[in-house]
Amino acid sequence: YEGVLGLRRIPEGPLQRSRRRELGSLVHRFLALALRGDTQSDRLHPMPEAGLCRDRLNGLLRAFQQARPDDAYWRSFHLELAALARGLLDRVLDQLAGAWIGTEFNLPPDTRINTSHGELALSGRIDLVESDRPEWRNALVRINDFKTGGDQPLNAGRMGERGQSLQLGVYLKAAKALGANEASVRMIQPEKGKDSSLDAETLETIQPAFDRLGRLIHSGQFGQLTPDRSRFGFGFEGPLACLPIPLAVLEQKNAATFPGDGGSSAREGRDPS
């Protein structure tokens with residue numbers, strides 16, 4: 001694969017798959033179940049009592065542990081899973097008393113945001129939305145995103161220029177489009193002091209990313225600049241059947257597709273979030 005085709009093999013062994021991704025998926029699922037309301041729906045519900053949320057999480061962790069082999073790997077996995085899930089739940093419970101919340105919460109149908117190239121219809125599932133009332137209109141809304149890895153803090157400049165963590169910027173703009181009086185987004189990490197947030201006042205700084213996204217979607221033209229592969233690094237992971245295109249060729253194609261764009265479309269291709 002590497003010597004003849006210049007491609008990178010994808011490991012298939014069970015212990016070579018992404019442990020961090022599996023941990024993150026489980027933490028998100030367990031927190032959604034621990035914070036759920038009495039009935040599952042796409043409507044906000046009152047915040048459950050903290051003790052009930054902790055009991056639910058402990059039950060989920062216990063069931064997970066009992067369903068896995070009692071060996072060193074799974075004991076280690078369970079300890080890390082429990083630390084991440086309990087750490088994030090504690091961070092949430094400290095701040096949500098009396099709020100209306102929704103977990104794994106779908107954006108309302110027909111949610112749309114404006115760009116300079118036309119409207120974009122949105123669909124998305126929010127990790128945790130909190131509000132001071134059971135509806136979006138005239139509410140004070142905060143959208144929370146759980147992170148279990150080493151993600152960079154939210155930054156409006158990087159989001160607007162490079163599209164970094166743009167998903168949260170989209171949710172912030174959607175909240176305002178749905179009629180919220182005030183809106184913010186927050187990235188929550190298990191360790192205290194690692195959280196970061198943006199409020200609606202930063203939307204003007206983020207707007208260039210929305211406008212580029214609108215242009216790409218309405219025109220159907222996408223640019224991409226990815227670094228050349230070498231024996232020391234592979235950079236962008238493409239399909240196994242694709243040989244990498246040299247960066248110089250990508251730069252020429254990008255300049256022809258987006259004349260006078262200054263490379264911003266390429267950055268979108270590098271960071272599609």
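Author: Let me begin with a term: a residue is buried under 20% relative accessible area, exposed over 50% and partly exposed in between, using a 1.4 Å probe and protein chains only. The model is predicted, so local features need pLDDT of at least 70 and side-chain atom pairs count only at pLDDT 80 or more, while totals for chains, interfaces and linings use all residues. Residues are numbered from 1 along each chain as its sequence is written, and side-chain values use heavy atoms, with hydrogens and water left out.

For the setting, the protein chain has eight helices and eight strands, where helices (H or I, at least four residues) and strands (E, at least two) are DSSP runs numbered from the N terminus. Of its 273 residues, 40% count as buried.

Now to the helix pair. Helix α1 (residues 19-34) packs against helix α3 (residues 72-93) at an angle of about 45°, and their axes are 10 Å apart. Axes here are lines fitted to C-alpha atoms, for helices over the stretch in contact, and angles run from 0 to 180 degrees between N-to-C directions. That angle makes α1 oblique to α3; angles under 35 degrees count as roughly parallel, over 145 as roughly antiparallel, 65 to 115 as roughly perpendicular and the rest as oblique.

Which residues make the contact (heavy atoms within 4.5 Å)? From α1 come R19, R20, E22, L23, L26, V27, F30 and L31, and α3 supplies Y73, S76, F77, E80, L81, L84, A85, L88 and L89.

Next, the rings. Rings of Phe, Tyr and Trp (its six-membered ring) pair if their centres lie within 6.5 Å; planes under 30 degrees apart count as stacked, over 60 as edge-to-face and the rest as tilted. By this rule there are seven aromatic pairs. In one of them, the ring centres of F64 and W74 are 6.2 Å apart with planes at 65°, so the pair is edge-to-face. Because F64 lies in helix α2 (residues 50-66) and W74 in helix α3, this pair ties together parts ten residues apart in sequence. F64 counts as buried, at 6% relative accessibility, whereas W74 is partly exposed at 26%. Y73 and W74 are also edge-to-face, with ring centres 5.2 Å apart and planes at 85°. Y73 has a relative accessible area of 28%, so this residue is partly exposed. One aromatic cluster is formed by F30, F64, Y73, W74 and F77.

Methods
Contact means heavy atoms within 4.5 Å.
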